[in-house]
Amino acid sequence: MSIIKHLKKARIIILIFTSFIIASIIIIPKIPEIPLTNLNNIPIAPAPCQLNQKLQLPNNIKQKTFDIPQKFASKILRRVKPRNNEKVIALTFDDGPWTKSTREILDILKLNNVQATFFWLGTSLQKNPEIAREVVQAEHAIGNHTWSHPTQPINPITAKQEIECTAQLIYTTTGVKTFLFRPAGGRLNNGLAAYAKTQKYAIFKWSVNSSDYSLSDPQLIVDNVIKGAKPGAIILLHDGMGDHTPTVKALPNIIKELKQQGYRFVTLPELLEMAK
Ligand SMILES: [Zn+2]
């Protein structure tokens with residue numbers, strides 16, 4: 001092939017290429033950018049408590065802290081792989097403390113010698129302080145799950161109030177300070193997780209959703225948990241904000257089947273200590 005033919009070919013390629021670029025600029029419409037909600041523009045909700053720097057514990061209550069290893073501060077966690085792939089698993093119960101279901105769950109856990117983690121709401125805790133103290137007495141771990149369970153975007157000041165008022169009430173009711181946090185509905189982008197990060201909480205989602213909030217057949221809840229069981233799995237269950245009879249009915253079988261598979265139950269702080 002002569003040089004002229006080569007040049008002609010190159011010119012055609014360049015021509016096609018540039019016309020394609022020009023056409024794409026003219027024809028292909030630009031994807032409009034979705035404006036991110038500016039959380040600062042959202043009105044501040046009324047504070048559910050007065051934030052107080054110097055909190056006094058009643059005389060009969062001892063202080064207890066659920067701390068986390070520094071490497072997990074401000075981290076979002078779904079599952080925590082344990083060293084040597086040890087068969088440990090963490091049951092977590094959200095939205096309590098509640099009247100009937102929390103007590104029933106406590107009884108089942110005690111009977112089976114199982115420790116779990118409870119993520120509390122300020123609104124639930126306000127109504128059920130006695131049960132809260134029983135949960136702490138039984139050596140289960142406690143996490144903060146916001147005051148009123150907001151899943152929509154909220155103002156950063158509201159986010160602070162949601163978490164700090166809950167932390168304050170947990171402390172004055174039970175003596176517990178906790179660095180475990182779970183955002184309501186597991187939402188990570190509505191301002192709550194952002195505030196929790198600034199306060200060095202470990203932010204827990206879950207690796208297994210039992211869907212117990214929407215299932216009435218206990219066996220389906222058991223199946224969901226067993227299907228997702230893995231070393232270091234974090235199981236999402238509920239004891240508050242509604243009737244959780246199906247969860248209570250499913251729990252003995254969840255524990256039985258997982259024990260048969262060789263699993264040992266740990267709290268979230270224990271799981272973090274076992275991390276690879
Ligand atoms: Zn919840």
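Predicted model: local features only at pLDDT ≥ 70, side-chain atom pairs only at ≥ 80, totals over all residues.

**Helix H5.** I took H5, residues 156-174, and tested its length. Its 19 residues should span 27 Å, and the end C-alpha atoms are 27 Å apart, so the two agree. Next I asked how many of the 19 residues of H5 are buried. The count came to 14, so the rest of the structure largely encloses H5. Just past H5, I found Gly175 with a positive phi of about 80 degrees.

**H2 against H4.** I looked at H2 (residues 100-111) and H4 (residues 129-137), whose axes come within 10 Å and cross at roughly 15 degrees. Angles under 35 degrees count as roughly parallel, and H2 and H4 are therefore roughly parallel to each other. Their crossing is left-handed. On the H2 side I listed Thr102, Arg103 and Leu106, and on the H4 side Ile131, Glu134 and Val135. That contact divides into three nonpolar, one polar and two charged residues.

I spotted a cis peptide bond between Gly96 and Pro97, with omega about 0 degrees. Pro97 sits in the loop between strand S3 and H2.

His149 is not a glycine, yet I read a positive phi of about 65 degrees there. His149 belongs to the loop between strand S5 and H5, and it counts as partly exposed because it has 18 C-beta neighbours inside 10 Å.

Ser211, also not a glycine, has a positive phi of about 55 degrees. I placed Ser211 in the loop between strand S9 and helix H7.

How values were computed: Residues numbered from 1 in each chain as written. Axes fitted to C-alpha atoms, helices over the stretch in contact; angles between N-to-C directions. Helix = DSSP H or I, 4+ residues; strand = E, 2+ residues; numbered from the N terminus. Parallel < 35°, antiparallel > 145°, perpendicular 65-115°, else oblique. Left-handed = near helix turned anticlockwise from the far one by under 90°. Contact = placed C-beta atoms within 7 Å. Nonpolar A, V, L, I, M, F, W, Y, C, P; charged D, E, K, R; others polar. Expected span 1.5 Å × (residues − 1). Buried ≥ 20, exposed ≤ 12 C-beta atoms within 10 Å, placed from the backbone.
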